[in-house]
2 protein chains.
Amino acid sequence: MAPAISFQFDFSSPYSYLAGEKIDDLAARHGREVTWRPLLLGIVFQHWGTVSIVKQPGQSDYAPHDMARSARFMGVPFRFPSRFPVPTQQAARAFYWLDDHDAVAAKRFARAVFSAYYVDDRDISSPATVLDIAADLGVDRQALTAALASTELKERLRRETEAAIEAGVFGAPWIVVDGEIFWGADRLPQIDKWLASGGF
Amino acid sequence: MAPAISFQFDFSSPYSYLAGEKIDDLAARHGREVTWRPLLLGIVFQHWGTVSIVKQPGQSDYAPHDMARSARFMGVPFRFPSRFPVPTQQAARAFYWLDDHDAVAAKRFARAVFSAYYVDDRDISSPATVLDIAADLGVDRQALTAALASTELKERLRRETEAAIEAGVFGAPWIVVDGEIFWGADRLPQIDKWLASGGF
């Protein structure tokens, strides 16, 4: 079987949310699976000395406007969050803990976090919100609470983010198909063509 | 008749070239015309304190790779120029001089400049190259030589660039459809849908 497509993202990245709503169905149409891997984009930006597109000079109006328009274009529900960006450590750590047990449940959780943030405007930086989202999906709240306090899980997320930086990641979503790197939700049509033709 | 679509670009912007190869045909399918307006992206970047995407941290490999891949995806011939970026004052000034006399000839010239740079790897910063490209299209070489030396034409390009900055332009291609701003060649599908449905 062909290797999984790698989808690296931050829960606080709107274009990551848009890509996340589409990438698995797109991959499935080509008989491919997708591995989801959250990282901390703030650490990535810090490494490169860059900032979120929303904070780039001149883009404070255009960027949120483009995000909302891109969402409508893609048929994805979207509301620019009232708190933005927010720390996403808790959600990302919870994802990896779930992923180690059940990748399907982890993706379901990731989609629920995205939806809580970009549809319901909930504060996904709050540990209580993250636990609520997981509990609603049937996750053991006490076990996840204990895991989120563990050094091991913190280290895991730190390692994932550092590995991403070492691999050259400078933004999100960062999608890798058979070694070919695609940055941005607006590259999904190129990914579709790449998968259909084995490169172009 | 519906107002013309505004297409602002820099001859040294690869994504402007890609958009320029498609925008008139796209507009024509919706019964619309396009007004081309070159500007000096270097002055725009200077204003905002930003840099070309190729010079943004971490992107020196990815950006040219994405430009070439996007060109293949769009079916546009493309070779990353051996000199990049280059000053485009001469080409932009020649465009405005032509445009005042004959907008069709000016667009033909603009496409020839783009092609000289992105297909034939010619140095479009050179006044001689700009004059050669124009002469090949039947433009009076002596008249254009005189015009390029005029203060009036220099002022014209300066004013166009300043007006763009005042209007919020921070990058190129910058395409405005009935007041709606689209930044980037990768927004052409959204422009197509916008024109088809009068907004979405």
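Chain A has a radius of gyration of 16 Å. A compact globule of 200 residues would have a value near 16 Å, so chain A agrees with that expectation. The model is predicted. Its C-alpha atoms in chain A fill a box of roughly 50 × 45 × 35 Å along the principal axes.

**Fold of chain A**

- Chain A holds 10 helices and four strands.
- Along the sequence, these elements follow the pattern β-α-α-β-α-α-α-α-α-α-α-β-β-α.
- Contacts in chain A can be sorted by how far apart the partners sit in sequence. Among those between residues at least 6 apart, 72% join residues at least 24 apart.

**Surface and interior of chain A**

- Buried residues account for 52% of the 200 residues in chain A.
- The accessible surface of chain A is about 8700 Å².
- Carbon and sulfur atoms own 51% of that surface.

**Aromatic pairs**

- Over all chains, the count reaches 49 aromatic pairs.
- One of them joins A:Phe9 and A:Phe95. Their ring centres are 6.3 Å apart, and the angle between the planes is 90 degrees. The cut-off for edge-to-face is over 60 degrees, so this pair belongs to that class.
- The pair links distant parts of the chain. A:Phe9 sits in strand E1 (residues 5-9), while A:Phe95 sits in helix H5 (residues 89-101).
- A:Phe9 has a relative accessible area of 0%, so A:Phe9 counts as buried. A:Phe95 has 1%, so A:Phe95 is buried too.
- In chain B, B:Tyr117 and B:Tyr118 also form a pair. Their ring centres lie 4.6 Å apart and their planes meet at 65 degrees, so this pair is edge-to-face.
- B:Tyr117 is buried, with a relative accessible area of 1%. B:Tyr118 is buried as well, at 0%.

**Lysines over rings**

- A:Lys193 lies over the face of A:Phe200. The distance to the ring centre is 5.2 Å.
- In chain B, B:Lys193 lies over the face of B:Phe200, at 5.2 Å from the ring centre.

Technical notes. Residues numbered from 1 in each chain as written. Chains lettered and ligands numbered in written order. Predicted model: local features only at pLDDT ≥ 70, side-chain atom pairs only at ≥ 80, totals over all residues. Heavy atoms only, no water. Phe/Tyr/Trp six-rings, centres within 6.5 Å; stacked < 30°, edge-to-face > 60°. Helix = DSSP H or I, 4+ residues; strand = E, 2+ residues; numbered from the N terminus. Buried < 20%, exposed > 50% of the residue type's maximum accessible area, 1.4 Å probe, protein only. Lys NZ or Arg CZ within 6 Å of the ring centre and 35° of its normal. Rg over C-alpha atoms; globule rule 2.2 N^0.38 Å. Contact = heavy atoms within 4.5 Å. Areas by Shrake-Rupley, 256 points an atom, 1.4 Å probe, with all protein chains shown as cover.
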